[in-house]
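Load the structure and follow the aromatic side chains. The text below walks through them.

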Amino acid sequence: MPELSPVMQQYLQIKEQNPGTILFFRLGDFYEMFFEDAELVSRELDLVLTGKECGLPERAPMCGVPYHSSESYIARLLEKGYKVAICEQTEDPAKSKGLVRREVVRVVTPGTVTETAMLKGDANNYLASLFALRGETAVTFVDTSTGQMHVTTLEADRTAEAAATELGRFLPAEVILNQAAADPMVVSFIQKRLGCCYGVMEEDQFHPEEATALVLQHFHVASPEELRLQPDSAALYSVAAALHYLFDTQRTSLSNINRLDVYAESEYMQIDLSARKNLELFTNARSGGRRGSLLWVLDATHTPMGRRLLASWLERPLLQPPAITRRLNAVSELTENSLLTGELAERLKGIFDLERLMTRVVYRSAGPKDLLDLAATLRRLPGVRQQLADVKAEALAAVRDNLDELQDVADWITDAIDEQAPALLKDGGVIRPGYHEELDEIRRDGSGGRQLILDMEKQEQEATGIKNLRIKYNKVFGYYIEITNSFKHLTPAHYVRKQTTVNAERYITEPLKRLEQRVLGAADRAVQLEYELFTALREKVGGELERVQRTAEAIASLDVLHSLATVATRR
């Protein structure tokens with residue numbers, strides 16, 4: 001009886017542990033899919049379906065995508081409602097003595113995306129958690145990419161209608177429900193009106209004691225009341241269900257989700273999905289595009305955070321006069337001070353998405369460019385705060401007071417990261433010269449070693465009389481001496497032949513081997529040290545999460561108030 005190859009056995013074991021997902025199985029520079037997953041992905045993404053020897057009489061169906069460009073493929077699968085389990089090599093293949101260890105490091109679902117390429121900068125990407133308990137129903141909305149989390153308890157006498165209204169307000173990309181909340185009307189609304197991915201939790205997946213402990217531990221509080229949640233309530237379990245799902249899929253600390261907005265339906269105007277469409281609040285009725293909608297008219301924002309917040313204000317119009325007046329006073333002051341609004345417009349331009357940048361930092365997925373974008377944004381903050389020095393309106397003063405200039409964080413990044421750093425850490429050249437003495441020494445060894453290679457090439461040319469002798473390098477053989485066939489008869493006896501090509505012979509010598517170890521060893525040590533220095537810096541920056549979040553909220557508020565003032569003046 002044929003036996004599956006070790007790699008296929010490993011694949012099937014990991015696949016069994018992650019049901020309901022498409023397994024992206026890392027093999028070298030590719031994510032590979034096999035069997036049913038391969039057939040599905042090749043069909044959905046129009047990829048070539050091939051086969052792989054697996055120990056069985058027939059080849060296993062297979063397709064794959066390059067790991068460095070996988071985001072676009074994953075995004076297309078998410079749009080179709082699929083979930084993707086990312087299975088990485090968790091040890092260095094070069095150091096592994098047998099089968100490389102692999103494990104799923106994350107499950108990507110429509111409601112848990114954090115990658116910029118898969119997100120719309122002007123819209124939140126919410127996961128909704130609907131939970132019913134003893135006649136009470138609550139719904140939680142969480143955007144993993146920004147850390148925002150909202151929860152409300154629905155009116156008991158109109159639960160299905162209220163659930164539809166709240167889901168229509170936030171338009172989540174994915175919904176999870178417990179069985180008690182899976183009302184046929186609600187499920188139908190999710191399927192037909194929202195058209196988003198949803199799943200019903202099994203009863204044995206969730207226990208009250210574990211739910212309460214999970215929420216308290218995550219938010220670092222001693223009791224639910226500190227979060228404005230009641231013990232043993234639907235709202236508490238709705239929050240816990242969302243956190244449980246995110247921990248299960250993201251497999252990280254979720255430290256950016258550190259604030260909980262508990263709101264009552266009565267705080268905001270109730271606008272159901274039909275009203276949103278008929279009033280053309282966010283899209284026009286003719287094409288479904290943004291142009292011609294109320295949001296399009298009011299949007300003169302300059303930052304991604306501001307665009308999302310403006311949409312949020314329109315999704316949840318205020319009903320309390322004091323809160324409305326607070327916003328109006330700020331808009332009024334800005335409309336009366338054209339010099340200030342003009343200066344703020346220039347300061348707000350070029351500010352990157354602080355919320356989502358910091359999410360990637362704390363999730364350890366931020367690269368060199370992300371940190372440089374973060375530093376570039378932080379450099380603009382002192383100018384913004386300076387412009388707000390004399391503002392009088394309460395909302396504007398609050399922005400000024402909550403805006404941390406964060407120049408220490410900007411200095412950490414610019415001192416360490418080279419402005420011309422490549423996108424990928426493995427390419428090297430990320431850390432600025434002069435930042436770390438040991439790294440500079442290793443780099444000097446490496447560059448000096450490369451000169452020694454050139455010197456050896458010249459010496460060998462003179463010793464052999466072969467003027468076109470070259471010392472070259474590839475990943476398979478390392479450094480080697482190449483002599484064309486026309487000069488092959490002059491090859492010294494101590495040259496050891498390594499490979500024959502169509503036009504030349506390749507050789508290795510003991511001196512070249514020793515020199516190779518020196519040169520390549522320096523390069524490897526430099527890349528490894530750069531990685532350690534970069535990850536340490538990323539951890540240090542991530543430790544300032546709350547400061548950056550508070551500032552991001554202030555910038556978003558300022559951007560929206562400035563936008564409303566700009567539109568009020570123009571129109």
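Which residues form one aromatic cluster? They are Tyr126, Phe141, Phe170, Tyr263 and Tyr268. The model is predicted: local features need pLDDT of at least 70, side-chain atom pairs count only at pLDDT 80 or more, and totals for chains, interfaces and linings use all residues. Residues are numbered from 1 along each chain as its sequence is written, and side-chain values use heavy atoms, with hydrogens and water left out.

The whole structure holds 13 aromatic pairs (rings of Phe, Tyr and Trp, the last by its six-membered ring, with centres within 6.5 Å; planes under 30 degrees apart are stacked, over 60 edge-to-face, the rest tilted). Take Tyr126 and Phe170. Their ring centres are 5.2 Å apart and their planes stand at 85 degrees, so this pair is edge-to-face. Tyr126 sits in the loop between strand S6 (102-108) and strand S7 (127-133), Phe170 in helix H4 (residues 159-170), 44 residues apart (helices, H or I of at least four residues, and strands, E of at least two, are DSSP runs numbered from the N terminus).

Phe170 also meets Phe141. Here the centres are 4.0 Å apart and the planes at 15 degrees, so the pair is stacked. Phe141 lies in strand S8 (residues 136-143), so its pair with Phe170 in helix H4 ties together parts 29 residues apart in sequence.

Buried or exposed? Tyr126 is buried, at 3% relative accessible area. Phe170 is buried at 4%, and Phe141 at 0% (buried is under 20%, exposed over 50%, partly exposed in between, with a 1.4 Å probe and protein chains only).
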